[in-house]
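Dear colleague,

Please find below the structure that I am handing over to you. A summary of what was found follows it.

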Amino acid sequence: MCSSDLLSLALTGCGSSSATADSNEDDTGITITTTGTGTGEAATGDSVSSDDGDEGDKLDIMGESGGTADGDTGSGDCDGVTPPTATATLTGTVYAPNLEIPISGALVYLTNETPEAIPTGNYCAECVSLACDAHFAFTEPDGSFVLPAVTGNQKLVVQKGQFLRIVDYNVAAGDNIVANTVSSLPGRWDPANGLYIPKIAVFYTSDDQIENVLAKVGLGQTSASGTLVAGTEQFDHLQSADAQAAMDSPTGLDPYHIVFVPCMSQTGLGDPQGARLDNIRNYVENGGKWYVTDWANEYLENPFPNYQTFHGEGGSMDLGSYDTLGTVVDPDLLAWLNALPPELKDIGGGAPTLNALPQVNFTHNWSGIDDAPSILVEDGQGDQVEVGHHVWAEGSCGACSDSSVVRPMTTTATYGCGRMMFSTYHSTGTDLPNNRLTPQELVLFYTILEIGVCFDEPPPPPPPID
C-alpha cells in the first residue's frame, strides 16, 4: 500500500488535525506509526497498529488545521521531499448529507490523480495514500477545515469511511471559500459523478427504526413527523425473510459495508445459530460493520461471546425499558457534541438535550453489559493489539439487579478487518417525532462514521471464539 513516495493516512480518527515528529501521540489523538521501510502512517483515534518508537522516523503533519507531509532527517520514504509553496487557501465545512450536521475528522485534500473508488461490497478498507507533498487537512470537531493549496485545476476530495466525494476544483490564488454543497458528504451512490456512500442494509423492525435516523442525516427523505418516506431510502430495508436469507447464505451479507440489526422483538428472526453464526463472523472478519441494538443483543453475544457479558446471560438478557443519565467518555465524541450548534443540541418539544455535557439522558434502554473485557491479539510484527470494546458512553442500568454499577452503553470493537457496534438503547431515542436528531441518534451517527474508517495494513487477526 505504501510506495516509496507516499504518506499513508489512517483515517481512524475524530477531529484531529496536527501531529509532531517528537512523539508517537499528541493530545489530539493522532498517532504516528512507522513501517519497516520508515514510511510514516498517521493514525487517529483507536489505531490498531503499534510502534515502540525505535525504528524508522516520524513524519510531520504540519500546521494546526492543514498542511503537507514532509519527512524529517531520518531514513523515511518521504525524507527530502520539498512541499510546494502554498499560493492559496481553501476554507469550508464538511457536513452530513443533510447539510446540517458537521463532520469531525473527515479528510480533505487536493490531488491531480483520480482517487480509488469505494468497492461496491464488503472489503478490507486500506488507508488512503497521498503523495509526500500533498496538501491535506482533517476537519475540526465543528466540521471546519483550512487547507493550504497551490493554484490550478485539481480534484478536491472529501472522505470519511465509505463516504467519498470527488469534484473538479479550480483553485484561485488567495482565499477560496468552498461551498457546503461541494465540501459535504454525499447522500447517494453515484460513481459517475464522484459520489460514494456506504452500502447499507437495515433489518426491518417496528420498534427501533434506524431507517428514520438514516433518512434524517440525508440518506432519504423524511415526512413532517421525521419518518422515512418509503422509496427514497439510499439503502436496503430488508424484511424478515430477506434478512434471514442474507444471514443464512455464506455471501448474503457481502454486498453491504454496514448491516444494522435493531431491536428484533418484532421481526421473528430468532436467535442466530449454526451456519448463521459463521456467516456473521466471516462477514465482519472480511471488513463488514455489524451494528446491533438492545433487544437484538443475541446477534452480538452469540457470534462474539468473548467480547462482552450481558446482564442476565444464562437466562433472559432482555430487560425492561429504562432511562438513565449517561456520560459521554470518549473525548473526541464529546468534543464533537460540544461543537454542535445550539439548534442541534436542543431540538425542543421535550426531547433530551446536550446542554449538560458530558451527561446525556439515554432513553429506551433494554439491555445491560456486565463486562467488556480487554481482548489482545498478536499482529504481524509480534506486538499485542487491543481489539476489545471501546466505550463511547456509559451509565447505570436501572433494570439490572445491581442498578448503581456504571456500565458501558455504547461500544465498538474490532474483529479481523471489520467492527461491531452495540448500544443498550434504541437508536431512535424518544418517541418524539422530529426531523432533527435526538442526542442518542447523534451518538449513533458519530459512531457509524467511526466504524467505517480504515485499518493499517494488515489488520490484526480475529481472536479465537470460545
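How are α3 and α4 oriented to each other: roughly parallel or roughly perpendicular? Please note, before the reply, that the model is predicted.

Two packed helices are described by the angle between their axes and the distance between the axes. Here, helix α3 spans residues 240–248 and helix α4 spans residues 275–285. They pack at an angle of about 80°, and their axes are 8 Å apart. Angles of 65 to 115 degrees count as roughly perpendicular; α3 and α4 are therefore roughly perpendicular to each other.

On the side of α3, the residues in this contact are Q244, M247 and D248; they meet R276, N279 and I280 in α4. Two of the residues of the contact are nonpolar, two are polar and two are charged.

The second topic is the sheet. Strands of a sheet pair through backbone hydrogen bonds, either parallel or antiparallel. In this model, nine strands form an open sheet with mixed pairing, in the order β16-β15-β17-β18-β27-β26-β25-β20-β21. Its edge strands, β16 (236–238) and β21 (359–365), each pair on one side only. On average, neighbouring strands of the sheet are turned by 20° against each other, direction ignored.

Within the sheet, strand β18 (residues 289–293) pairs with strand β27 (residues 418–423) in the parallel sense, over five bridges. K289 stands opposite R419 in β27.

Finally, helix and sheet come together: α3 lies across β15 (200–203), β16 and β18, and runs at about 100° to β16.

Yours sincerely

Methods: Residues numbered from 1 in each chain as written. Predicted model: local features only at pLDDT ≥ 70, side-chain atom pairs only at ≥ 80, totals over all residues. Heavy atoms only, no water. Axes fitted to C-alpha atoms, helices over the stretch in contact; angles between N-to-C directions. Helix = DSSP H or I, 4+ residues; strand = E, 2+ residues; numbered from the N terminus. Parallel < 35°, antiparallel > 145°, perpendicular 65-115°, else oblique. Contact = heavy atoms within 4.5 Å. Nonpolar A, V, L, I, M, F, W, Y, C, P; charged D, E, K, R; others polar. Pairing = 2+ DSSP bridges.
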